[in-house]
Amino acid sequence: MALPPASPSHVLRTHSSDVSALFFSDDNERLYSGDASGLIVVTSTRTLRPIVAWAAHTDGIFGVEEWGSKIITHSRDHKLHVWNRVEDPPRVGGSASMSGLPPPTLCYSLDVNALNYCRFSLLPQSDSESALIALPNLVESSEADVWELPSQKRIHASVGTQRTQHIFSNEGRQGMRTGLIMAMHLFHALPPSEGSSARAAGELRLICAYEDGSVALRRFVGSSTQLETSIEGRGWEVIWNSKLHVEAIMAMRVSRDNQLALTVSADHLVGRYSLDAQDETGVIHRTTHPGNGCIAIRDDGRVCAIGGWDGRIRLYSTKTLRPLGTLRYHKIGCQALEFARSVDSEEDEDEEMSAAEREARGRWLAAGSKDHRVSLWALISFEKT
């Protein structure tokens with residue numbers, strides 16, 4: 001007899017607009033969600049009740065992320081805000097109360113270019129007090145800037161420039177071959193493996209996905225031991241460029257270990273790219289489902305989830321793109337996906353949650369949709385994928 005279709009373990013109805021962004025804290029204690037109105041909701045994953053909710057922006061949320069004791073929010077209102085995180089309230093009788101909780105206080109803001117709907121990419125530094133953040137260039141949306149936080153200094157300007165005329169030329173975007181940046185990821189290269197160049201250790205790299213369906217990986221060839229500034233893309237070189245999609249890339253995700261990237265588009269293709277290759281052409285995987293809007297990769301790199309415009313969430317093996325199942329709940333577009341963080345099984349048990357319960361929570365998948373809801377799915381381990 002066929003098994004009944006899977007259903008979400010929980011459904012959160014705290015938003016009244018399209019849910020557009022999701023993020024789990026590193027300890028899985030908090031789930032952040034943002035919507036098209038600019039509202040951010042922080043939900044306790046133990047009680048599934050909101051800890052705090054506030055109007056962080058005046059327009060739709062591109063991304064939200066916890067950074068130490070701070071929260072970063074990014075929106076279509078051309079602002080990136082950094083907030084002080086609200087401490088979790090004490091749990092009394094197994095519940096978390098919102099009564100009297102003030103919204104987070106704003107630390108500082110950056111004016112950003114939000115014309116291309118591209119989310120920021122955060123790279124915390126080893127001192128944990130500072131971070132690099134990549135954003136679309138303030139003027140030209142086909143280029144990227146890298147800023148340093150909390151100093152708010154622009155370290156690298158116009159990475160990936162393709163200009164063939166002055167930036168204020170009346171010839172418009174002529175010569176901008178790739179179109180807008182649709183997604184980006186900033187990271188440090190892994191330490192060199194045997195036979196590779198030692199110069200690659202700690203190398204600053206930026207991968208960008210573009211409107212024309214292409215993906216480019218670049219590296220900064222300056223010193224990796226100190227911050228160096230660059231303008232007009234100088235000091236950045238292309239490692240490889242690959243074009244697999246026939247439509248604009250809608251979303252890109254990079255694995256936790258920065259070894260591979262996956263892209264989805266309005267077409268039925270999934271692009272897979274190796275980030276440690278020096279000459280990558282990418283691998284095309286053809287699916288039977290066109291119209292994909294978001295993607296997520298689990299921490300262990302085994303499983304990826306793709307959210308479709310039809311509201312369905314399709315699970316695949318990250319290595320082979322073999323289908324693992326389909327999650328059906330949302331009736332309209334799935335716009336955000338996020339896996340919970342993997343947990344350390346050796347952590348001590350607390351009074352309210354056993355190690356087994358924390359491990360199960362570490363297999364959660366959150367999905368946000370145009371139906372204003374966030375669905376939570378308790379997945380199996382997929383150990384054989």
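Which residue forms a salt bridge with glutamate 65, and how far apart are the closest N and O atoms? The partner is arginine 119, with the closest N and O atoms 3.1 Å apart. A salt bridge is here a side-chain nitrogen of Lys or Arg within 4 Å of a carboxyl oxygen of Asp or Glu.

The model is predicted: local features need pLDDT of at least 70, side-chain atom pairs count only at pLDDT 80 or more, and totals for chains, interfaces and linings use all residues. Residues are numbered from 1 along each chain as its sequence is written, and side-chain values use heavy atoms, with hydrogens and water left out.

**Salt bridges**

Side chains of opposite charge can pair when their charged atoms come close. By the rule stated above, the structure has 20 salt bridges. Three of them are listed below.

| Salt bridge | N to O distance |
|---|---|
| Glutamate 65 and arginine 119 | 3.1 Å |
| Aspartate 27 and arginine 30 | 3.5 Å |
| Arginine 314 and aspartate 310 | 2.7 Å |

Glutamate 65 belongs to strand S6 (residues 61-67), whereas arginine 119 is in the loop between strand S9 (106-111) and strand S10 (121-124), so their pairing ties together parts that are 54 residues apart in sequence. Strands (E, at least two residues) and helices (H or I, at least four) are DSSP runs, numbered from the N terminus.

Accessibility is described as buried (under 20% relative accessible area), exposed (over 50%) or partly exposed (in between), with a 1.4 Å probe and protein chains only. Glutamate 65 is buried at 14%, while arginine 119 is partly exposed at 27%. In the second pair, aspartate 27 is partly exposed at 41% and arginine 30 is buried at 5%. In the third, arginine 314 is buried at 6% and aspartate 310 is partly exposed at 36%. Elsewhere, salt bridges with shared partners join Asp26, Arg253, Arg256, Asp299, Glu338 and Arg341 into one network.

**Aromatic contacts**

The structure holds 5 aromatic pairs, where rings of Phe, Tyr and Trp (its six-membered ring) have centres within 6.5 Å; planes under 30 degrees apart count as stacked, over 60 as edge-to-face and the rest as tilted. Among them, phenylalanine 23 and tyrosine 32 have ring centres 6.3 Å apart and planes at 50°, so this pair is tilted. Phenylalanine 23 is buried at 6% relative accessible area, and tyrosine 32 is buried at 0%. Tryptophan 54 and tryptophan 83 have ring centres 5.5 Å apart and planes at 75°, so they are edge-to-face. Tryptophan 54 is in strand S5 (residues 50-55) and tryptophan 83 in strand S8 (residues 79-84), so the contact ties together parts that are 29 residues apart in sequence. Both tryptophans are buried.
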